[in-house]
Protein chains: 2
Amino acid sequence: MRPNFLLAIALTTLLALASTAAAADPLPSWNDGQTKQTIVQFVEEVTTQDGPKFVHPAERIAVFDNDGTLWAEQPMYFQLAFALDRVKAQAPQHPEWKDQEPFKSVLADDLAGVAAGGKKGLLALVAATHGGMTSEEFEKTVRDWVATAKHPRFKRPYTDLVYQPMLELLAYLRANDFKTYIVSGGGIEFVRTFAEPVYGVPPEQVIGSSVKTRYEVRDGRPVIARLGEIDFIDDKAGKPVGIHKFIGRRPLMAFGNSDGDFEMLEWTTSGTGPRFGLIIHHDDALREWAYDRESHVGRLKRGLEEGPQRGWVIASIQRDWKVVFPFEK
Amino acid sequence: MRPNFLLAIALTTLLALASTAAAADPLPSWNDGQTKQTIVQFVEEVTTQDGPKFVHPAERIAVFDNDGTLWAEQPMYFQLAFALDRVKAQAPQHPEWKDQEPFKSVLADDLAGVAAGGKKGLLALVAATHGGMTSEEFEKTVRDWVATAKHPRFKRPYTDLVYQPMLELLAYLRANDFKTYIVSGGGIEFVRTFAEPVYGVPPEQVIGSSVKTRYEVRDGRPVIARLGEIDFIDDKAGKPVGIHKFIGRRPLMAFGNSDGDFEMLEWTTSGTGPRFGLIIHHDDALREWAYDRESHVGRLKRGLEEGPQRGWVIASIQRDWKVVFPFEK
């Protein structure tokens, strides 16, 4: 055979291999590099039957924080934006709010004033916007808000601000027989309204903070009444408690972005056998936001300092994500 | 063709049909009759694609009470037997129990004395036998007990006293893409230790009563510490609350046996679209036990009175179950 012909064959083969690899890449929005490689290698190892690190599908549980991990959390937690919008929408029925904190500050768009109200103000806000209705009424309120509210910077629905690389990761893990769970500091019923269409995560795989509820039969019709009182805070040390309560076994993989996820990663990665922890570092002010140690929202300090020595992967949005939001594609 | 030959063909066909039907029967331990027919018809309707009652697999949630529905509950709740055994096992380390109720009565095998302690005595019993250890330690204690304890009447492990017809029903529903959940008044971590091997129900599909827990790092090792305080009672009106909290959608089918399951069946069957509720009536003193309105354990009164007009099926163990326990086969 002539050398040209051999070269042609070699080139064709290479192109074919390259195109197969591209077609098979389950994480196209992740740049090639150590982060992506570490994820894929872990998943391949625990799913290789007869391999030394094989894990039975029943034990393949992956837990994801929501705010800052699956969708954005700036300039404020999206659920806080929901609560502020609800105060404004309900204000005509509550003339007394004009002189009552934290509502007065909310109506004046004075976020510093809202923050000054501290825990007491926040609880009053939760009670007024998240309690005093049935679970069905609350669900409808959230759905309506999600369908109409727009993010101030991107002028798009909040559910557009989900991270494309994380959507691919969720799908990749499910294709490998993982059960994917959301473990959010946000409200369980808030996140459940969109988790299935947006993330492919069914309501029963969403864990979150909650208000107390009560079963009542009203005029012969049973309802779940949402009370204005906090039942459970699914944040920090609450995350492993929530995981243990709802799932009852230790996850294999955990993904977070702030120190609120520290204990979840600690609990996950201290289990026996192969375990995986990853922290997303928001370091891309151009495409998203850059914040960590000094941020009020999504503060990340301990995770950056202790994560690497604990074997956790620190993913950089700037370096590791080819695409951030689905609408960029 | 000769009539004899035709007859032979007809007979062969009939026999073949009969044997196919027998081979395909997913509920062989249920006697033919209205109860079995109603169950099968419901499942066929909600799984018939393009049928008027089709339900998407994601919505196919079936919830089962445990005590008296999946396994027996006489002469006392099996978890109470566990608690009493634990008191006896721990007594040498607690000499003070000899003079302290409810422990004094437990150690004297005086059940009436234990009962006389009321709620206060019961909470002390829970704290002493279900709290003050890590979740891993508790799990091991339950596993050891399940492996060694024997039921007083049948002289067999308690996990032998599961109902064969219900095991078949669980498997039948899962084969039809249902997610099967246990919603027990018993302890969530107690039931989780055996739910997967015994019922094929993974820990994340077990809902139950719970004690408060706390995440702690002890000498660098994270644990879930079980506190001696009740967190949630998953009984009566607590069952729909637990279902809503853990699953976040209304079940399609609910199975119970006592008035502790009334609200769970009410919540389930008051949903829109096709819904199914069934109550097991313990009316077979010979093979199992006969009890209902007057029983302290598994009392069933309101369900018997209101169930039929609410469209709930009342299953009779005597009439509907060919086999009660797997060891009878």
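Predicted model: local features only at pLDDT ≥ 70, side-chain atom pairs only at ≥ 80, totals over all residues.
A salt bridge is taken here as a side-chain nitrogen of Lys or Arg within 4 Å of a carboxyl oxygen of Asp or Glu. By this rule, 10 salt bridges are found across the interface of chain B and chain A. Residue pairs in polar contact between chain B and chain A, both at pLDDT 80 or more, number 24; a polar contact is a pair of N or O atoms within 3.5 Å, where within protein one must be able to donate a hydrogen and the other to accept it, and residues adjacent in sequence count only if both atoms are side-chain atoms.

The side of chain B that touches chain A draws at least two residues from each of α7 (135-148), β3 (179-187), α9 (188-199), β4, β5, α10 (238-246) and α11 (262-269) of chain B. Helices (H or I, at least four residues) and strands (E, at least two) are DSSP runs, numbered from the N terminus. The most is given by α10(B), with five residues. By residue class, this side of chain B comprises 17 nonpolar, six polar and 13 charged residues; Ala, Val, Leu, Ile, Met, Phe, Trp, Tyr, Cys and Pro count as nonpolar, Asp, Glu, Lys and Arg as charged, and the others, Gly among them, as polar. In total, 36 residues of chain B are in contact (heavy atoms within 4.5 Å) with 36 residues of chain A. The area buried between the two chains is about 2,800 Å², and carbon and sulfur atoms give 52% of it; buried area is the accessible area (1.4 Å probe) that two parts lose on being put together, summed over both.

Residues are numbered from 1 along each chain as its sequence is written, and chains are lettered from A and ligands numbered from 1 in the order in which they are written. Local features need pLDDT of at least 70, side-chain atom pairs count only at pLDDT 80 or more, and totals for chains, interfaces and linings use all residues, while side-chain values use heavy atoms, with hydrogens and water left out.

In chain A, eight strands form an open sheet of mixed pairing, in the order β2-β5-β4-β3-β1-β6-β7-β8. Its edge strands, β2 (133-134) and β8 (313-316), each pair on one side only; two strands pair if DSSP finds at least two bridges between them. Strands β1 (residues 61-64) and β3 (residues 179-187) of chain A pair in the parallel sense over four bridges, with A:Ile61 opposite A:Lys179. Helix α2 (residues 34-47) of chain A packs on the sheet and touches β6 (253-256), β7 (276-281) and β8 of chain A.

In chain B, β4 (residues 206-218) and β5 pair in the antiparallel sense over eight bridges, and B:Arg218 stands opposite B:Arg221. Two residues lie between the strands of this hairpin, where B:Asp219 takes a positive phi near 50 degrees. Strand β5 (residues 221-232) of chain B also pairs with β2 (residues 133-134) in the antiparallel sense, over two bridges.

Backbone features of chain A include a cis peptide bond from A:Gln74 to A:Pro75, with omega near 0 degrees; A:Pro75 is found in the loop between β1 and α3 (78-90). Another cis peptide bond joins A:Glu101 and A:Pro102, with omega about 5 degrees.

Note on methods
Axes fitted to C-alpha atoms, helices over the stretch in contact; angles between N-to-C directions.
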